[in-house]
Amino acid sequence: MTERIVLAYSGGLDTSVAIGWIGEATGAEVIAVAVDVGQGGESLETIRQRALGCGAVEAYVADASDEFANEYCMPTLKANGLYQGHYPLVSAISRPVIVKHLVKAAREFGATTVAHGCTGKGNDQVRFEVGIQTLGPDLKCIAPVRDLALTRDKAIAFAEEKGLPIETTKKNPYSIDQNVWGRAVETGYLEDIWNAPTKDIYDYTATPEFPPAPDEVIISFEAGIPVAIDGVKVTPLQAIKELNRRAGAQGVGRIDVVEDRLVGIKSREIYEAPGAMALITAHKHLEDITVEREQARFKATVGQRWAELVYDGQWFSPLKRSLDAFIEDTQKYVSGDIRMTLHGGQAIVNGRRSETSLYDFNLATYDTGDTFDQSMARGFIELWGMSAKVASGRDIRVAGK
C-alpha cells in the first residue's frame, strides 16, 4: 500500500504546491486537511476542490469555528492569556485544534506522516510537531519548507509549471495568519523595527484616529464566559464576532510588539484582536470584584505561566492541564455584567455589577453608613510591620558597632 501523508492545508500557494512537492519527493499520496477556525475568506468547499485540483487524493475539511471558540478561545479568556503582557495568543491557540484534526484525519485515512507548512525559524513548527507527538506519538512529521527545500520562488515556479489552480504572486511581502480570535502580520518591511505600520496592514480594525461616535456595550458573563451582549444571548463564537465588529470599528485591539520567540529570535509582530482584547479587558475587571485578593494575585502568576506554555506549544502538556484546573476553579464566581465604552482605539470599563461580587459598599464608603471599624487599623499596622521593624533595628545596631 502506498504511504499516505496528511498535510495541514490553508489553500494558499505554499501548501497547494506542497501537495505535489511532497508527492514527488517522497512518493507518498497526500491528504489535504483544511480546518476553519473563523479565518473568513473562501468556503471550505472551494478549498477542498482546490486541494483535489492540486493533486491531493483526499481532502478532509472541518468547520471548527465553534469548537475553536468554545474549547480554545474561552480557556484563553479565563486565563487572561497575554504572552509578554501583549499578545493574546492568536496563532498559538489555533494550532492545537488544527493538530487535533490532523491526527484525526491521519487515523481516518491511514496516514503515517503529518506535514505542515512552517519554516525552521518560527514557533508554529514546534506547536504542530509537539502537539502531533502528544496526540499521535506513532506519527512522523515533515515540513516541506524546512525539510524539503520548498522556497517561495520554487513554489511559484512549480505552480506555473504544473498549471495548478492557484494565484501566484511575488508582490505580497507579508506573512499573515488569522482566525476569529485575531490576526497576525509579520515579515516584509516590518522586519525593520523602526518602520511604522502602514494603514494597508490592517483588516480587522478601522483607524482609531478618526473614530465614529463612542459605542457603549454591556457584556454579561457566567463563570468567566460571555453569555450576552447588551442583553442578547450569545454563544462564545457570536460574542467574539460581535466584538470584533464593534471594537474593530473603533480601532480597538491593535498591537505592535517585538516578542521573544521560542527558538531564541526576537521577532516584530503586528496583531489585530479587537474582540479578544475587549473581552479580556471586560473579564479582568469582572474578576477584580469577584475573585478573592490572594487568589487573584496568584492567578496573575498562573496566567502568565499559562500564556508562556501555550505560546511555546505545550497546549497538551501536564502542567498546562494542571494550570487549567486552577484557573477553572477561580471562575466559579466570575459572573455579572461589565459596561464599557469602545472609542478611539480604547475599551474603557465604566461600570460593573455582580450578584457574586466581593465589593461591599458599606465597607468601602467614607460616608454615613460606614461599617468598617477604623480602630482595628492601628494594631494591624503594628503587626504587619513588625518583621521589617525588628530587622531594621538589627541593621542599625550592627552598623553602629
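The legends below describe close-up views of a predicted model. Residues are numbered from 1 along each chain as its sequence is written, and side-chain values use heavy atoms, with hydrogens and water left out. Because the model is predicted, local features need pLDDT of at least 70 and side-chain atom pairs count only at pLDDT 80 or more, whereas totals for chains, interfaces and linings use all residues.

**View 1. The interface between domain 1 and domain 2.** The protein is divided into domain 1, residues 2–170, and domain 2, residues 173–289 + 332–351, with bounds that come from an automatic or database domain assignment. The centres of the two domains, taken over C-alpha atoms, are 25 Å apart, and the contact (heavy atoms within 4.5 Å) takes 31 residues from domain 1 and 36 residues from domain 2. About 2700 Å² is buried between the domains, with carbon and sulfur atoms giving 64% of this area; buried area is the accessible area (1.4 Å probe) that two parts lose on being put together, summed over both. Of the area that domain 1 buries against domain 2, Leu77, Asn80 and Val90 supply 20%, more than any other three residues.

**View 2. Polar and charged links between domain 1 and domain 2.** One salt bridge is counted between the domains, the term meaning a side-chain nitrogen of Lys or Arg within 4 Å of a carboxyl oxygen of Asp or Glu. Aspartate 177 forms a salt bridge with arginine 95, and their closest N and O atoms are 3.3 Å apart.

**View 3. The surroundings of serine 267.** Serine 267 lies in strand 12, residues 266–272, strands being DSSP runs (E, at least two residues) and helices DSSP runs (H or I, at least four), both numbered from the N terminus. Serine 267 counts as buried because its relative accessibility is 8%, where buried means under 20% relative accessible area, exposed over 50% and partly exposed in between (1.4 Å probe, protein chains only). The side chain of serine 267 makes a polar contact of 2.6 Å with the side chain of glutamate 269. Leaving aside neighbours within four places in sequence, the residues in contact with serine 267 are Glu186, Val257, Val258, Glu259 and Arg261.

**View 4. The salt bridge of glutamate 186 and arginine 261.** The two side chains meet at 2.7 Å, N to O. This pair links distant parts of the chain, 75 residues apart, with glutamate 186 in strand 7 (residues 182–186) and arginine 261 in the loop between strand 11 (254–260) and strand 12. Both glutamate 186 and arginine 261 are buried.

View 5. Aspartate 324 is partly exposed, with a relative accessible area of 26%, whereas lysine 320 is buried, with a relative accessible area of 3%.

Note on methods:
A polar contact is a pair of N or O atoms within 3.5 Å; within protein, one must be able to donate a hydrogen and the other to accept it, and residues adjacent in sequence count only if both atoms are side-chain atoms.
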